[in-house]
Amino acid sequence: MSHWFLRLLPALRSLGVAGCLFAATLPFASGASEFDSIVPVAAPRTNILAGRADAFRAYCTTGEGAPAFAKLKADLDAKYLALPFPAEPVTYGDPAPAKRDSDKADKWRAVQDTCGVISAVAEASALCWIVTGEEKYFAKAKDFLLRSCAWHFAPDWKSGPVIGATDIYYNDEAHFRLWRKMPLVYDQLRARLTPDEKATVLAHFKERGNRSVAWIEHEGNISKITRNSIAADLSSHPVRFMPMTGLTALALWDDLPEARQWWAYAYRFYRDQFSPWGGDDGGWGEGNAYWRGTFEHAAFQDALLAIGDPLAYASPFWKNSPFFAIYNVQPYLHTTFGDTSNAGHFNLEPVIADYMEHVARVQQNGFFRAYAELCTDQRTRPIDKGLAELGRSYPTAAEFLVRNFIAAAKPLPPARPLSELSPYRYFADVGWVSLHSALGRPGDDIQVTFKSSPYGSFSHSHADQNSFILNAYGEGLAINSAYREFHNSPHHRDWTRQTISKNALLINGAGQKAQSKAATGRITHFETGARFVWTTGDATKAYQTMQPKGKVKLVTRDLVFIDQRYVVLRDRVELSEPGALSWLLHAEHHLDWDQPAQRAFIRGEKAALTAQMVAPGITWRGRVADRFPVPVDPKYAKGEVTGSYLTGKWHNQQHLTLESAGTATSYTVWTVLWPERNGTAPATLKAEWQPGALLITRPDGQTDTLTLTHDSINLR
């Protein structure tokens, strides 16, 4: 994180230009924009719009929102109405992520939690006041609003623990939890505030808002971002913070001239530039866990929906984005590409199910509802949480209540069976291929996800071009070995992000460069036939990032899904001088290597996977490790860190490394992957290379002959 603004602030203040910094950095500094006509004439313009209070009151007392509102109000009355306003958080040393260790991560999160409680209590109190008219709720919302507006900026953290830790330049996540809500609370209370109270709030909002947008622009290069591209020097958090920029602009439209600049900044971004992480296919380059960030961007779409803007949810990205979850996320816990929450596993969570129901209404798409109904996660649905688990979690139940109210006029469409969709989908925008045998029936489904992405290993992506994940019959088998206790922990940095933790290849022990825009892959082929799907990934550029210039000439992987039953891989590597090759496979618990048979076996609780290697001219030396070479932080491994955001349990995993006994300039490696239910021993699978073709004798008694060239396939 850059601290340029923090260092320059005293000088800027002395020149009287601190509040003008944002305007000086962007091409539209003043005056009306082309987007102003969309904005409603009267406030409030966010959450419960002018003229909608009676309808919201009915929705929360006798309509669909009554149960959720009752829970929200009961929790507020019982736990938070008497809550004293927390003390302003203090700094905890150098805030840079690279300087963060386990203990500092706890302090970093604690500041976020404090801000999350404050903003959620103020938000819930404002909504309860709108519905009930009771003065005690107005008083609570106003108290928390005014007190939070007395907090400080630009902390001198080098002098020791000092107040100001919620400045965006110090703890951007803490700022995020305040700024995305408190102006919206003000928007609801504004008419009842005194001139002095307004002055206090707006002086604080002016500085916090200007600092926020200046940070977003500087750290995220937002003005230069283009759709479906990481060419600009963008960053994950600034992109994620763009919705609150537009929402606070609406909330403060009448109060701060800067708000109209923020509005143009945000509206143009969503109309012309969003999303840098994906395109018309609806993919998300940072992976499925960070695809959840679309919930935040959807909040801006919901605001547009509320004010009647036809832009809301209208782009191809918004039409297709839900399919990125449908094809890549199962109801059960499994691994996926990219960073995931702490314990490294992901599933169709209640929050995703709620979101899918919402977009099913908005877009009148029955597939989205059918997917939501697959959710088996027993955690409380977020709309029903009331004020439980405040702090880090967002969106809150109150936000879902408002969101659902906005869409309430649209009926929930009938569920449409997912079996009517193609079982295969290629997200060309992000270089992911998702293959299924029984889409919509998780217990029967074989799911293969293959990645070779133009997004490289940048941001929350990993060095995983041409890697694959295989889930079958309700559990993960060939996994992405990827825990993350906290961002940039030793384990995250030196294992999770690295190619060695993937079902991939190493050349002379090296994989692809982590955190690199240059470590790219590309899908060069995607073809479906009567009995197969064939896709090819080219990861040559990714492997070149870790080798001497000119050494790596070609690294490709073909993946053929045959009869929706099993997978054949073909790896081809061409080097300018001899090198050693390693082939990697990872599993949750039980992984064995049979050297004479040249066969790996993964045994799960519900399913098993046999991997038969065929590599003419190569002698493999195999070893299985049952420990991470870079241990998980002990505090996490022992379960001392808990929370609803944890998506699995910590445990050591199994890691197979096959190394070529010698070196060569050219390699061709075939692998046949046969998943089956309840397997306790390797499948009776045989594969052998015949000149020009791979002969596969299947466990079900059938025999297949596969011929693969650069641009053709023959299966008989």
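Which backbone oxygen lies 2.7 Å from a polar atom of the side chain of Thr 132? I find that of Cys 128. Before going on, I note that this is a predicted model, where local features need pLDDT of at least 70, side-chain atom pairs count only at pLDDT 80 or more, and totals for chains, interfaces and linings use all residues. Residues are numbered from 1 along each chain as its sequence is written, and side-chain values use heavy atoms, with hydrogens and water left out.

**Thr 132.** I place Thr 132 in helix α5 (residues 102-132); helices are DSSP runs of H or I, at least four residues, and strands are E runs of at least two, numbered from the N terminus. The backbone nitrogen of Glu 134 lies 3.1 Å from a polar atom of the Thr 132 side chain. Thr 132 has a relative accessible area of 28%, so I log it as partly exposed (buried is under 20%, exposed over 50%, partly exposed in between; 1.4 Å probe, protein chains only). Leaving aside neighbours within four places in sequence, I see Thr 132 in contact with Phe 69, Lys 73 and Tyr 137 (contact: heavy atoms within 4.5 Å).

**Helix α14.** I looked up α14 next, residues 294-307. Its 14 residues reach 20 Å from first C-alpha to last, close to the 20 Å expected at 1.5 Å a residue (expected span: 1.5 Å times one less than the number of residues). Eleven of the 14 residues are buried, including Phe 295, Glu 296 and Asp 302. Gly 308 follows α14, with a positive phi near 85 degrees.

**Ring pairs.** I count 44 aromatic pairs. The rule takes rings of Phe, Tyr and Trp (its six-membered ring) with centres within 6.5 Å; planes under 30 degrees apart are stacked, over 60 edge-to-face, the rest tilted. The Tyr 59 and Phe 405 rings have centres 5.5 Å apart and planes at 55 degrees, so I call the pair tilted. Tyr 59 sits in helix α3 (residues 53-61) and Phe 405 in helix α18 (residues 397-407), so the pair ties together parts 346 residues apart in sequence. Tyr 59 is buried at 10% relative accessibility. Phe 405 is buried too, at 7% relative accessible area.

For Tyr 483 and Phe 628, the ring centres are 5.5 Å apart and the planes at 65 degrees, so I call that pair edge-to-face. Both Tyr 483 and Phe 628 are buried. I also find a cluster linked by ring pairs, with Phe 35, Trp 253 and Phe 300 among its members.

Definitions and conventions: A polar contact is a pair of N or O atoms within 3.5 Å; within protein, one must be able to donate a hydrogen and the other to accept it, and residues adjacent in sequence count only if both atoms are side-chain atoms.
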